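I set out to record what I looked up in this structure, entry by entry. The notes are for a reader who has not seen it before.

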Amino acid sequence: MKRLAALTMALACSGCAVAPVMMNTALQNMTLDDAKKVVTTGSNMLTGATREVTPQEEVALGSGVASNLLGAAPLLKDAKAQAYVNTVGKWVAQQSERPDLNWHFAVLDDNEVNAYAAPGGYVFITRGMLVSLRSEAELAGVLAHEVGHVVAKHHLKAMTSQGFLDGVKDLGGMFMDKNGGTIPGVDPRYVEWGTKAAKAGMQVYARGLDKSDEFEADRMGVVLAARAGYDPFGLPAVLQSLQAVNPDNPGLALMFKTHPPFGERLDKLALAMGADFDRFDKGVTLDKRFKSQVSMPKR
């Protein structure tokens, strides 16, 4: 819980480092179901679970996963970059179908090129990924992909359907009298459950999600970025850049292991997007603002 407390303090002053872009009015009232050619939602919602995880359990589980991720790589000691990523991420998340989650976005001090999402609204991007980007639109696309995982409950579904939570999902009565840490909006009794469940479920992060989940998060990502007023081609641009990197690059080892090939993801996005997003070509990229906020050198 100390790691999560550090995350909360680090993000407490990150409320308005930069002004968010204006939401694209053409997409303001568009639901993901409306964008049938681009994204399908709700098809992967814990259909095989014996008991659906409650919202409080989801947040507690996510906090446990976040704590584990912070144990592997600390927060980047760059308040400016942390505030910027948190502001962009929260703006994108507000365009999703779960805007009321207590969203947290942060940068991990890790040179690997990757980003992670945890149940309940926790999203991390590595330093390696951040410095590989070229614009705010690309950052928004990456964060929107991770927001898509949370909205569709991909990790939660995987942990449940693969049985990782079977041994801990009914522990509620075992810690009624115990005092855990504090997570805003979560009964302290769930904290221990979340810690135990997260430990069991971390195998999902080592193995990766199903390809279909990654493809869906890509489709959701371009929709959310466009809704937020960004150039929706930010995420495809990132995938193209990563595709050009030498596959033997150690910084991409985990990405290659846990995600479909970049070319396959680009092909799926090309089919899904078609000409539907050409009308949003006025979406901003904000290259200069990105460079002014993310000025750290590559390692």
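**Entry 1: the largest pocket**

I looked up the lining of the largest pocket and found that H10 gives the most, with three residues. The model is predicted, so I note that local features need pLDDT of at least 70 and side-chain atom pairs count only at pLDDT 80 or more, while totals for chains, interfaces and linings use all residues. Residues are numbered from 1 along each chain as its sequence is written, and side-chain values use heavy atoms, with hydrogens and water left out.

The elements that give two or more residues to this lining are helix H4 (127-132) and helix H10 (234-243). I take helices (H or I, at least four residues) and strands (E, at least two) as DSSP runs, numbered from the N terminus. The space in the largest pocket is about 160 Å³. Of its 13 lining residues, Val113, Ser132, Leu242, Val245 and Leu252 are the closest to the centre. A pocket is an open set of points on a 1 Å grid over the protein atoms alone, where a 1.4 Å probe fits, with protein on both sides within 12 Å along at least five of seven lines; lining residues have an atom within 4 Å of a point. Its volume is the space filled by probe spheres set on the points, which are joined across faces, edges and corners.

**Entry 2: strand E3**

I next examined strand E3 (residues 122-126), where five of five residues are buried (under 20% relative accessible area, 1.4 Å probe, protein chains only). Tyr122, Phe124 and Thr126 lie on one side, and Val123 and Ile125 on the other. E3 pairs with E1 in the parallel sense over five bridges, and with strand E2 (residues 115-118) in the antiparallel sense over four; pairing requires at least two DSSP bridges. Tyr122 is the bridge partner of His104, and Val123 that of Ala117. E2 and E3 form a hairpin with three residues between them, and Gly120 in the turn has a positive phi of about 90°.

**Entry 3: Gln95**

Is Gln95 buried or exposed? I found Gln95 buried, with a relative accessible area of 5%. Gln95 sits in the loop between helix H3 (79-93) and strand E1 (104-108). A polar atom of the Gln95 side chain lies 2.7 Å from the backbone oxygen of Trp91. I also noted that the C-alpha atoms of Gln95 and Ala226 are separated by 9.4 Å, although these residues are 131 residues apart along the chain.

Terms used
Buried < 20%, exposed > 50% of the residue type's maximum accessible area, 1.4 Å probe, protein only. Polar contact = N/O pair within 3.5 Å; in protein donor to acceptor, adjacent residues only side chain to side chain.
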